[in-house]
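Reader: I am new to this structure and would like to learn how to read it. Could you walk me through it?

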Amino acid sequence: MATATYVPIATQTLSTSASSITFSSIPSTYTDLRLVFVGNSSAANRYLTLTFNADSGTNYSMTYLVGDGTTAASGNRTSDTSLYTNNYGGSSITIPQFITADIFSYTGSTYKTVLCTTSSDKNGSGNTDRVAGLWRSTSAITSITMQYLITGSNINAGTTATLWGI
Amino acid sequence: MAATYNLISSQVLGSSAASVTFSSIPQTYTDLVLRISARSDFSGVVENMMFSFNSDYSGSYSDTALRGNGAAASSVRDTSALSIYWSAAGNISTSNTFGSAEIYIPSYTASQYKPLSGIGAGETNATTAYMGATAGLYRGSTSAISSILISVGNGSNWLTNSSFYLYGIKNS
């Protein structure tokens with residue numbers, strides 16, 4: 001049998017709400033990482049953000065392309081303390097949103113590029129986003145923390161996050 | 001280690017068909033992925049794919065799309081249908097060109113509304129190329145998805161050589 005190249009590293013499904021989800025001790029044996037998140041938040045229209053290696057410095061930036069059902073727009077954020085996976089938030093208290101993050105060459109000694117997709121349709125509102133993200137660190141990624149901003153919004157029970165190694 | 005990204009079923013059309021159905025989808029995976037190459041008999045350049053789950057043809061679907069045509073970007077929305085925008089070629093597109101699409105359905109057995117993500121594109125070496133990213137939602141039921149129907153949005157039939165592949169992804 002051929003060696004599997006799309007390998008589940010870990011899955012977390014919340015049985016109770018939590019302020020964040022963290023994947024730690026990520027093995028350095030893969031080429032890329034893929035994060036798949038299906039969930040919602042305790043307050044509406046929050047942004048799911050990623051923090052790598054618990055780095056809360058102003059080392060994150062992103063450029064986004066978004067559609068809200070009426071208008072297409074593009075913009076960017078610079079020197080953030082975490083990586084925004086989208087610019088419109090779009091989370092719901094009841095309707096799950098689907099977010100992916102592809103993290104390329106996560107063990108390399110260059111800055112880390114991340115491509116994110118957010119699908120947050122809410123039957124008459126919501127958005128679809130594509131984000132190019134950057135973490136300005138040359139360290140290998142060993143942990144990833146997901147958290148909804150703004151502070152005070154939890155990740156709801158039932159949310160599932162899976163980290164894949166490729 | 002067992003493969004985690006498996007082909008469940010495929011359909012490559014030998015003749016035109018109004019729709020394609022994947023039924024009896026096993027409930028043993030975590031996520032589903034559809035990868036499609038398609039062209040329809042629509043007398044236009046750009047075709048949309050329409051999706052229905054579990055034979056539910058009510059208005060329990062919605063989507064928000066971001067799209068570009070080589071000249072401008074725009075965004076549109078449906079509130080009673082699930083259309084993966086600009087994911088197939090119409091029949092006045094450049095000969096032999098097919099649209100390409102990937103639709104990712106996470107947690108398809110979870111007891112919740114089903115969000116999904118779609119990306120579709122068609123490059124035709126003409127002034128009107130197209131691509132679209134779609135956020136979709138099925139809220140008709142919290143039941144697991146066991147069948148998927150893919151029909152033509154504007155025309156009447158998918159044309160010969162259109163291909164539809166359904167994969168299952170397993171996280172354990």
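Reader: Which residue in strand 8 of chain A is the bridge partner of A:Val36?

Author: Happy to start there! This is a predicted model, in which local features need pLDDT of at least 70 and side-chain atom pairs count only at pLDDT 80 or more, while totals for chains, interfaces and linings use all residues. Residues are numbered from 1 along each chain as its sequence is written, and chains are lettered from A and ligands numbered from 1 in the order in which they are written. Strands of a sheet pair through backbone hydrogen bonds, either parallel or antiparallel. Here the bridge partner of A:Val36 is A:Thr100. Strand 3 (residues 33-39) and strand 8 (residues 97-103) of chain A run antiparallel and are joined by seven bridges; two strands pair if DSSP finds at least two bridges between them.

Reader: In what order do the strands of the open sheet in chain A lie?

Author: Strands (E, at least two residues) and helices (H or I, at least four) are DSSP runs, numbered from the N terminus. Chain A has 12 strands and zero helices. Eight strands form the open sheet, in the order 1-12-3-8-9-10-5-6, with antiparallel pairing. Strand 1 (7-13) and strand 6 (72-80) of chain A are at the edges with a single partner strand each, so one side of each has no neighbour in the sheet.

Reader: Which residues have the most contacts inside the largest nonpolar core?

Author: A nonpolar core is a set of buried Ala, Val, Leu, Ile, Met, Phe, Trp, Tyr and Cys residues joined through C-beta atoms within 7 Å. A residue is buried if 20 or more other C-beta atoms lie within 10 Å of its own, exposed if 12 or fewer, and partly exposed in between, with C-beta atoms placed from the backbone. In this model, the largest core has 82 residues, and A:Leu35, A:Phe37 and A:Ile144 have the most contacts inside it. Leaving aside residues up to four places away in sequence, A:Phe37 touches A:Leu48, A:Ile99, A:Met146 and A:Ala161; contact means C-beta atoms, placed from the backbone, within 7 Å.

Reader: Why does A:Thr142 count as partly exposed?

Author: Because A:Thr142 has 16 C-beta neighbours inside 10 Å. A:Thr142 lies in the loop between strand 10 (126-135) and strand 11 (144-149) of chain A. The C-alpha atoms of A:Thr142 and A:Ile26 are separated by 4.8 Å, although these residues are 116 residues apart along the chain.

Reader: How many residues of chain B are in contact with chain A?

Author: On chain B, 33 residues are in contact with 33 residues of chain A.

Terms used
Contact = placed C-beta atoms within 7 Å.
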